[in-house]
Each structure stands twice: as structure tokens, then as C-alpha cells.
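Student: I'd like to take a close look at a single part of this protein, and then see what lies elsewhere in the chain. Could you walk me through it?

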Amino acid sequence: MPFASVRGATQHTFKRSGTPVIPNDLRFVPILFALIIASGCAGRSAPEAEPATAESEQVSPTEPMSPQVATTQHDRYWVPPLFASEEDEAHYYISRLADRRFIDVYGGDEHPRVWYIAAERLGQIGEPAIPLLFALIDTRNEYELMLVLYALQLATQDPRLMAQTGGDYVRLTETLDESANEENRAIALEWWERHGWRWQ
């Protein structure tokens with residue numbers, strides 16, 4: 001049988017058996033390959049965007065800070081027993097200046113005000129607290145420094161002391177404001193240069 005006849009008979013046999021005929025011409029191979037890939041890609045759907053989780057949510061910087069909570073009534077009024085002098089009491093309150101929890105809150109929910117217990121009490125003690133407060137003037141704790149300066153403004157207005165200083169006391173530019181610490185510290189040191197010799 002001639003070669004052409006054998007080829008035709010083979011193709012005819014494959015068609016009857018239901019097996020697809022593979023063309024002998026290799027030029028069709030790239031086309032078939034491209035069709036297979038295209039059909040595979042068409043069946044896939046685009047990935048759905050994952051819903052945002054709570055962890056990915058960022059807190060807004062304008063979110064209000066949590067309200068300050070006053071210390072307990074027991075801690076508010078407790079003092080170490082057997083105080084022998086105002087200096088002993090001053091030492092205790094000096095040790096509480098850096099404690100952010102040692103505060104009281106008054107004025108109600110609409111207009112809350114913070115009472116800085118240690119600083120206020122040191123201001124009431126007055127002159128005996130002043131050298132102890134100046135011993136903390138170089139603290140790196142901005143909150144503690146703010147209260148040291150505030151207590152100095154109060155303590156240097158002790159009537160016993162003002163009678164000697166001619167009414168000169170530590171006059172802060174802004175009270176209870178950490179951003180004013182540097183300027184207020186300079187004011188306090190200038191006052192100490194004028195009157196610090198009294199405790200030396």
C-alpha cells in the first residue's frame with residue numbers, strides 16, 4: 001500500500017475509535033498550548049479582598065485620652081506614723097511627686113479638675129520643703145519636674161519666707177504644663193541664685 005494510503009487509513013481508524021487526531025504538523029503545537037493555558041486562566045476568579053480585621057484598624061490620634069483616676073481615700077490621707085517635724089512630712093511628699101496615681105479629682109464629670117496631692121501639700125509646708133524641692137530640679141522625669149516647679153511656686157510664697165525675700169517668689173510662666181518646664185526651671189534657678197544662700 002502506498003504511504004499516503006496508510007496515513008489516511010490510520011487517521012480514519014482514530015476518528016472511528018473516538019480518539020482525537022493529533023496533527024502531524026508541529027506548527028499547531030504552540031497554538032494548542034496557548035489555548036490550554038487560556039482556558040485554565042479563564043476558569044479562575046479574582047481573589048476576594050479580605051475584610052479588615054480589628055488588628056489592622058489604627059487608633060485615631062484625636063481619640064480622647066482616658067480620664068485620670070483619683071487615688072483611694074485611704075492613700076489620699078495616709079501619712080507615715082511618728083512624723084517628728086515638717087521636714088519629715090516634706091520628705092514623704094517629695095517621694096510621692098513622681099507617682100501619677102497620687103492625685104485627687106474634683107469638679108464633677110463635666111468640669112473635672114486634678115488636685116496634685118504631693119505638690120499641694122509641699123506648697124502648704126512652705127519654707128522647709130524648698131531645699132528638698134531644689135534637690136530634684138535636675139530630674140529627667142518631666143512629670144515630676146512639672147510638679148517640683150509648681151510646688152516651688154507655692155512654697156516660696158510662705159509668708160515667713162516672703163517677709164525675708166521682700167515678696168520675691170518663684171513666678172512661673174505656665175503652671176502644670178510640661179512643655180513649659182525648661183523655661184520655668186530657668187526661672188526657679190534664678191530665684192535660687194538670689195535666695196538659695198539661706199539654706200547653705
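Tutor: Let's begin at Gly-126, which comes just after helix α5 and takes a positive phi of about 80°. Do keep in mind as we go that this is a predicted model.

Now step back along the chain to a pair of strands. Strand β1 covers residues 103-106 and strand β2 covers residues 113-116. The two run antiparallel, and four bridges join them.

For a last stop, find Asn-184 in helix α9, which runs through residues 181-195. Asn-184 has a relative accessibility of 2%, and buried means under 20%, so this residue counts as buried. What does Asn-184 touch? Leaving aside residues up to four places away in sequence, Asn-184 touches Leu-149, Leu-172, Thr-173 and Glu-174. Look closely at Thr-173 in that list: its backbone nitrogen lies 3.0 Å from a polar atom of the Asn-184 side chain.

Definitions and conventions. Residues are numbered from 1 along each chain as its sequence is written. This is a predicted model: local features need pLDDT of at least 70, side-chain atom pairs count only at pLDDT 80 or more; totals for chains, interfaces and linings use all residues. Side-chain values use heavy atoms; hydrogens and water are left out. Buried means under 20% relative accessible area, exposed over 50%, partly exposed in between (1.4 Å probe, protein chains only). A polar contact is a pair of N or O atoms within 3.5 Å; within protein, one must be able to donate a hydrogen and the other to accept it, and residues adjacent in sequence count only if both atoms are side-chain atoms. Contact means heavy atoms within 4.5 Å. Two strands pair if DSSP finds at least two bridges between them.
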